[in-house]
Amino acid sequence: MKLHNTQKIFFGLFAAALVISACAFPEKEDPFSRLPEEEIQTLEGEVFPFSVSVATRATHRLEKDEKLVAYLASDIVRLNDFVGRQVEIKGVWRTEKMREIFWVESIRLLDIGQNKTEELEEQLFSTKRFSFLYPTYWEHSLSPNGVVHFVEKSDSARRVFLTFSVEELTREDRSTDPNVLIANLAGTKKITTDELDRERQEVVLFSNEYDQKYRFVFTSQFEAFEKKKEFFQLLNSFVEGEEKVRQAEAAYQRRVAELESEKIKEEAMQEEGEKPVSSEPKEEKKESFLEKLFGDEQTESTEEEPLNEQENTSESDIEVEDEKTSQSEESPPSDTSEQTTPPQGEEGEAFTNLIDERAFSYESSYYQLRMKVPWGYWFRNFGPSEGAITRIGFSDQEFSDPAGAKFWLEIVRDDTPPTQASEKIQDGQMTITFPRSENSFYRFSGSVQFRDAMKSIQSTVEKF
């Protein structure tokens, strides 16, 4: 079949357009690629104080066989802790004032065994765009289809209980109403039960930085509270963005270096005849992943934070279901043997303070609310209601709707709010009001049987 000239021109232009389009589409970036790094090198030797008249940022030197190996500097490792010790260091060479300086990023003692002190309980999963922490007794593998599978190292059956993938946002995603806020990422959470009566949690977080989403699918037995807690800690350690990833990596390496330094201190104690650290009783409370690496500022929320569906995603408050409160009914929250002297209430009446080291810290920047909730209590923020800026329901058992709340905390609008705290009891119901601002106040209400819980929370409530 012959083509007319106009048809030839059309098909020629069409073919050219295909070629141009093919060249214009960028190659899809691997979501698991690492940050571009300088060449990491490994050196060994003994650390000495810096002793050169040239002014540089070097603080120490490394020698081997009485010969200089490198001048050292570090923003991560406290090199002074390792003076006089044989070490293996990893880092990069950089030129400063015509002199090569080795910047140390990690350090390991060569003259002390590896089992003298407690090792990190978590490890860092890090890519160019995001990172998160997960327990050291887990291990992962990346499948050809780009899905990360997590298993327990000790599980000979290699049963996958967590999968993680990075996916492109779809049109449906852009119209989806988020119902959780985790690590400052809005997303969705869905819980189902499979045919083996296992709980399946699917959490999808929408990126704030990139045109992508992060999907976690976690499967566990209902009573596997510790593993659920570890999963929530993983989610809350999630950070994205190259700069935040670098900070997370530096924080992790800093903690590793601190553990190496602790080995030196332990050795010194043993030489002085003191008990080794490992033989001393350990405190019951352990630092969380985030407390060890980032300090207190990122540990105020260790759970996912569901958004209120009545509010805009960018301005909504959050509520938290504390997995730690899933406890046995034989241990009611009011059984606190340490509380021998009950504190006094606002009206001078004693109450049993239920706040202890297990209490859950909650903070909402939107409502400028900070408080603690006793162990054994669930709570949900149901957002604004008539006359109230927001209202938070509490219960001594898990609940999902307002009907399940046993007592309430409301932030009430009022142009003439009370100037001091007061409480009233009528027909078995208690109301506690106390000041908040010039045009609002706090109000607890519920059965008088929850007075201790309400007064305990009230003692921690503050506006910031």
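Me: Is E88 buried or exposed?
Reply: E88 counts as buried, because its relative accessibility is 17%. Buried means under 20% relative accessible area and exposed means over 50%, with partly exposed in between (1.4 Å probe, protein chains only).

Me: What kind of model is this, and how are residues numbered?
Reply: It is a predicted model, in which local features need pLDDT of at least 70 and side-chain atom pairs count only at pLDDT 80 or more, while totals for chains, interfaces and linings use all residues. Numbering starts from 1 along each chain as its sequence is written, and side-chain values use heavy atoms, with hydrogens and water left out.

Me: Back to E88. Where is it found, and what does it touch?
Reply: E88 is in strand β4, residues 86–96. Helices (H or I, at least four residues) and strands (E, at least two) are DSSP runs, numbered from the N terminus. Leaving aside residues up to four places away in sequence, E88 touches T42, L43, E44, S106, I107, R108 and L110. Contact here means heavy atoms within 4.5 Å.

Me: Rings next. How many aromatic pairs does a search of the whole structure find?
Reply: The search gives 36. Rings of Phe, Tyr and Trp (its six-membered ring) pair if their centres lie within 6.5 Å; planes under 30 degrees apart count as stacked, over 60 as edge-to-face and the rest as tilted. One of the pairs is F132 with F238, stacked at 6.1 Å centre to centre and 15 degrees between the planes.

Me: Which parts of the chain does that pair link?
Reply: Distant ones: F132 lies in strand β7 (130–135) and F238 in the loop between α3 (225–236) and β15 (239–240), 106 residues apart. Both F132 and F238 are buried.

Me: What about F394 and F444?
Reply: F394 and F444 form a tilted pair, 6.4 Å centre to centre with 45 degrees between the planes. F394 is in strand β19 (388–395) and F444 in strand β23 (440–447), 50 residues apart. Both F394 and F444 are buried.

Me: Which ring does the charged end of K227 sit over?
Reply: That of F161, 4.1 Å from the ring centre. The criterion is NZ of Lys or CZ of Arg within 6 Å of the ring centre and within 35 degrees of the ring normal. The charged end of R391 sits over the ring of W408, 4.5 Å from its centre.

Me: Backbone, then. What is the phi of A183?
Reply: It is positive, about 50 degrees, although A183 is not a glycine. Most residues other than glycine have a negative phi. A183 is in the loop between β11 (180–182) and β12 (185–193), and counts as partly exposed because its relative accessibility is 27%.

Me: And Q368, what is its phi?
Reply: Phi of Q368 is near 50 degrees, a positive value. Q368 is in the loop between β16 (360–364) and β17 (369–373); at 32% relative accessibility, it counts as partly exposed.
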